[in-house]
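Thanks for coming. Please look at the model on the screen while I talk, and keep the sequence beside it.

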Amino acid sequence: MKKSDVRLFSIAKRLRGLQTVSTIAKTFNIKERTAVNYAWRLRKEGYLTTDYARNKIRWYRIDPLKRKKSGYDLYELLNKDSRVKISTREDYIIHADKEPSVEEVLARAIDTKEFRIVLASLGLFNKIKNWSRLREFADKYRIGRQIGALYDVARRTMKVKRMDERTRKALLKSKGGKFIIKNFKSKSFNDVEGKWRVFIPFNKQDLEVYEEWSI
Amino acid sequence: MVNIEEQEELFKVIGKELNEKIECYAIGGSAMMFYQAKADTKDVDLVFLEKKGLEKVKKILEKIGYVDKKELVKIFRRYEDNKNRPIMMVGKNGERIDLFFKEIITFEMSDTIVSRVKEAHEFNNLIVKIVSAEDIILLKCATEREKDRYDALSLMENFDIRWDIIIEEAVNQTKLESYLFPVYLFDFLEELKEDFKADIPKEVLKKIRKISEDLLEKKLGKRKK
């Protein structure tokens with residue numbers, strides 16, 4: 001290993017995980033311009049990959065081990081299709097023969113029962129291509145009514161494709177719990193809650209993140 | 001020896017056979033392979049927090065040709081004293097899968113270890129969570145194989161090890177299963193520093209030494225009384 005490679009490796013080791021230009025600058029007490037140069041060199045050597053958060057803020061995922069990817073990261077898939085980006089402290093890798101479809105990612109995201117992830121999942125409703133496939137996953141995870149209710153909430157906040165009547169009726173009849181997230185109830189969507197017999201975990205203010213893309 | 005592809009294949013087979021979601025934790029060489037800090041391992045180590053999950057996986061392994069090796073394999077220090085030995089399943093080519101229930105000999109799978117997990121891998125119904133590099137080092141100190149020293153060394157070289165976590169967990173273990181855990185940890189780290197020239201800060205060793213001495217004093221004091 002050359003001396004410069006060793007230095008770069010130790011930088012990658014210190015920065016392991018998610019970073020932004022400002023956190024890199026803070027870690028090494030350098031200017032942001034220099035931090036961008038660090039990121040550029042780390043990327044060139046394969047230690048760094050870039051993601052985009054809201055407002056086009058760049059996130060750098062840094063790993064000193066230059067790991068070969070296997071499987072599909074659920075949260076990466078969610079971030080790829082949702083307008084609201086999330087950063088999780090745990091990676092969840094799915095080892096499957098095929099990349100999980102948007103319908104599967106949506107159902108899995110709601111099934112996590114985590115506030116930020118369920119909120120980010122709303123953005124996926126506009127990407128659904130196959131409503132019957134979504135119904136299949138809803139049955140698999142027993143979250144049919146939750147999906148239906150969240151769809152209605154999404155439709156009020158942003159531009160969303162129309163769900164076919166057959167799927168809607170099937171979701172209304174499906175079984176499952178009352179809560180999407182345990183003990184979370186809404187003050188803003190009581191009519192949706194009543195219709196689907198499910199408690200919505202968001203208030204109107206929570207959905208302001210989607211406002212830029214609203215109807 | 002098992003490499004990462006073979007390990008993933010094995011997990012996929014187990015996951016397909018399981019009829020419900022079962023969670024387990026990969027430790028040791030198996031976890032290091034997920035981090036790509038190691039090319040292959042002699043044994044795949046999995047820890048279960050529920051007996052039901054362990055039994056189910058054991059049954060599947062038997063179904064696909066693994067045999068439960070009942071006799072003792074001396075890998076761990078203080079092995080004889082402990083009743084909670086792993087189930088050692090041996091495959092046709094000699095590859096071994098060790099299944100632990102909550103404890104790894106004298107080391108308990110604490111809530112803090114579980115909270116430090118940053119990676120979960122789903123193989124159909126089998127969810128394998130990977131313990132942190134710090135916790136792998138802690139677990140390595142319970143063994144007496146030379147290759148485990150090299151594994152710990154490799155982790156120290158490739159990861160920015162948070163020594164405060166190691167010290168905290170060592171102290172945490174004294175409240176759980178192993179009262180003298182910091183003493184063994186001190187032994188292990190000092191050996192790594194002296195014989196393998198590992199990059200371990202002096203203050204860390206000093207701190208663990210102090211904790212160990214205090215624990216020993218307390219224990220001996222109690223006996224005298």
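How many residues does the contact take from chain A and from chain B? The contact takes 16 from chain A and 15 from chain B, where two residues are in contact if their C-beta atoms, placed from the backbone, lie within 7 Å.

Before going on, some housekeeping. This is a predicted model, in which local features need pLDDT of at least 70, side-chain atom pairs count only at pLDDT 80 or more, and totals for chains, interfaces and linings use all residues. Residues are numbered from 1 along each chain as its sequence is written, while chains are lettered from A and ligands numbered from 1 in the order in which they are written.

Back to the contact, from the side of chain A. There, α1 (3–15) and β5 (91–94) of chain A each supply at least two residues to the side that touches chain B. Helices (H or I, at least four residues) and strands (E, at least two) are DSSP runs, numbered from the N terminus. The biggest giver on that side is β5(A), with four residues. Sorted by class, the side of chain A that touches chain B has five nonpolar, three polar and eight charged residues. For those classes, Ala, Val, Leu, Ile, Met, Phe, Trp, Tyr, Cys and Pro count as nonpolar, Asp, Glu, Lys and Arg as charged, and the others, Gly among them, as polar.

What does β5(A) do there? Four bridges join β5(A) to strand β10 (residues 119–123) of chain B, and the two run parallel. Two strands pair if DSSP finds at least two bridges between them. Two of the partners can be found on the screen: A:D91 has B:E119 as its bridge partner in β10(B), and A:I94 has B:E122.

Now the sheet around that pair. An open sheet of nine strands runs in the order β4(A)-β5(A)-β10(B)-β11(B)-β2(B)-β4(B)-β7(B)-β6(B)-β5(B), and its pairing is mixed. The edge strands are β4 (72–73) of chain A and β5 (67–69) of chain B, each of which pairs on one side only. Helix α3 (residues 51–63) of chain B packs on this sheet, touching β2 (22–27), β4, β6 (87–90) and β7 (96–101) of chain B. The direction of α3(B) makes about 160° with that of β7(B). Another helix, α1(B), lies across β4 (43–48), β10 and β11 (126–130) of chain B and runs at about 140° to β11(B). For these angles, axes are lines fitted to C-alpha atoms, for helices over the stretch in contact, and angles run from 0 to 180 degrees between N-to-C directions.

One residue of α1 (residues 4–17) of chain B is B:E6. Is B:E6 buried, partly exposed or exposed? B:E6 is partly exposed, because 16 other C-beta atoms lie within 10 Å. The cut-offs are 20 or more such atoms for buried, 12 or fewer for exposed, and partly exposed in between, with C-beta atoms placed from the backbone. B:E6 and B:Y25 are 19 residues apart in sequence and 18 Å apart in space, C-alpha to C-alpha.

As a whole, chain B has nine helices and 11 strands. Its radius of gyration is 18 Å, close to the 17 Å from the globule rule for 225 residues, so chain B is as compact as a globular protein of that length. That radius is taken over C-alpha atoms, and the rule is 2.2 Å times the number of residues to the power 0.38. Of the 225 residues of chain B, 38% count as buried.

Chain A has 10 helices and five strands, and 33% of its 215 residues count as buried. Its C-alpha trace spans about 65 × 40 × 30 Å along the principal axes. An automatic or database assignment sets the domain bounds, giving domain 1 (3–62) and domain 2 (72–213) in chain A. The C-alpha centres of these two domains lie 33 Å apart.

Chain A also holds an open sheet of three strands, in the order β1-β3-β2, with antiparallel pairing. Here β1 (17–19) and β2 (48–52) of chain A stand at the edges with a single partner strand each, so one side of each is left without a neighbour in the sheet. Three bridges join β1(A) to β3 (residues 58–62) of chain A, and among the partners are A:G17 and A:I62. Five bridges join β2(A) to β3(A), with A:Y52 opposite A:R58.
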